[in-house]
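Please read this briefing alongside the sequence and the structure.

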Amino acid sequence: MRRLLVAGNWKMNGSLSFTAELISGVAARASHAAGQNPPNYDILVCPPAPYLGLAVEQSNSQSVSIAVGAQNVSSHLKGAFTGETSLPMIADLGCEYVLLGHSERREYYQESDVLVAEKFSACRSFDSSLVPVLCVGESLEEREAGKTEIVVARQIQAVLGKVGIAGFKGAVIAYEPVWAIGTGKTASPEEAQLVHEFIRNLLRDHDAKVAEEIQLLYGGSVKPDNAEQLFAQTDIDGGLIGGASLDVESFAGICEAAQKLA
Ligand code: PGA
């Protein structure tokens, strides 16, 4: 059975004090819910870049393990790229994950499939222990036109074309329908499962083992009251949480749903 992963994407929210308090609050709740043993699922937080170092420090001093990830990274390793953050920098800070191709990056910063694939490829060749979380998902218009699978396949094929199926070993894919992000509308567990199954089958055509092992997260208005039903689906291995990851109570509630199922 695949381990569940509960990942918080803070987007451009937080502060020094928020970072410290959120991490210690979630750790305390997760430790309490798990009892004597360590939690039987993984927790990840993705704060804004300026707080990554503090987040790692804070996580290291908790009794449960909370991994830290960046929300974005440059495809270049160093040089004259004002305002960018590199893979060596986030690794230096102790990040274990990096989100790539989030729909807000694709939409507001014109990140193309090609650029996302370049970042993914750079991440894989830089350090195989740094886990890329490839975000994919269709817009409302695309869903209504019946193009969900075409869009998701295109976004994944762009990366497959660059790194091959071997590049997906140990990576994570987050399926986030754009119409469900921050809107309060969630894909039903069945709707989400269908797309997750489609993604796993697409990967299975290339390598059954990689497809079986890869964690596929669902994202888009996940809350404590819908997390359990979503995570209970065969091909959903946890969630990428935006709004609800900014509050100890709700993020811990989602973690508890994972704890129950795992
Ligand atoms: P949301 O965001 O949970 O606020 O819908 C999810 C995401 O964008 O990763």
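In this predicted model, a polar side-chain atom of Glu 176 lies 2.6 Å from an oxygen atom of the ligand. Taken alone, the ligand exposes 280 Å², and the protein buries 97% of that area.

**Around the ligand**

- The ligand is surrounded by 13 residues, and the closest of these are Lys 11, His 102, Glu 176, Gly 182 and Ser 221.
- Besides the side chain of Glu 176, which comes to 2.6 Å from a ligand oxygen, the backbone also takes part in such pairs: a polar backbone atom of Gly 182 is 2.6 Å from an oxygen atom of the ligand, and a backbone N or O atom of Ser 221 lies 2.7 Å from an oxygen atom of the ligand.
- Sorted by class, the shell around the ligand consists of seven polar, four nonpolar and two charged residues.

**The largest pocket**

- The space in the largest pocket amounts to about 570 Å³, and its lining is made up of 21 residues, of which Met 12, Gln 71, Asn 72, Arg 105 and Tyr 109 lie nearest the centre of the pocket.
- Helix α4, which spans residues 103-108, contributes the largest share of this lining, with three residues.
- By class, the lining of the largest pocket divides into 10 nonpolar residues, seven polar residues and four charged residues.

**Aromatic pairs**

- The count of aromatic pairs in the model comes to three.
- In the pair formed by Tyr 175 and Tyr 218, the ring centres are 6.3 Å apart and the ring planes stand at 55 degrees, so this pair counts as tilted.
- Because Tyr 175 lies in strand β6 (residues 172-175) and Tyr 218 lies in strand β7 (residues 215-219), the pair ties together parts of the protein that are 43 residues apart in sequence.

Conventions:
Residues numbered from 1 in each chain as written. Predicted model: local features only at pLDDT ≥ 70, side-chain atom pairs only at ≥ 80, totals over all residues. Heavy atoms only, no water. 1 Å grid on protein atoms, 1.4 Å probe; cavity = no way out; pocket = protein on both sides within 12 Å on 5 of 7 lines; lining within 4 Å. Points joined across faces, edges and corners; volume = space filled by probe spheres on them. Helix = DSSP H or I, 4+ residues; strand = E, 2+ residues; numbered from the N terminus. Nonpolar A, V, L, I, M, F, W, Y, C, P; charged D, E, K, R; others polar. Near = heavy atom within 4 Å. Polar contact = N/O pair within 3.5 Å; in protein donor to acceptor, adjacent residues only side chain to side chain. Areas by Shrake-Rupley, 256 points an atom, 1.4 Å probe, with all protein chains shown as cover. Phe/Tyr/Trp six-rings, centres within 6.5 Å; stacked < 30°, edge-to-face > 60°.
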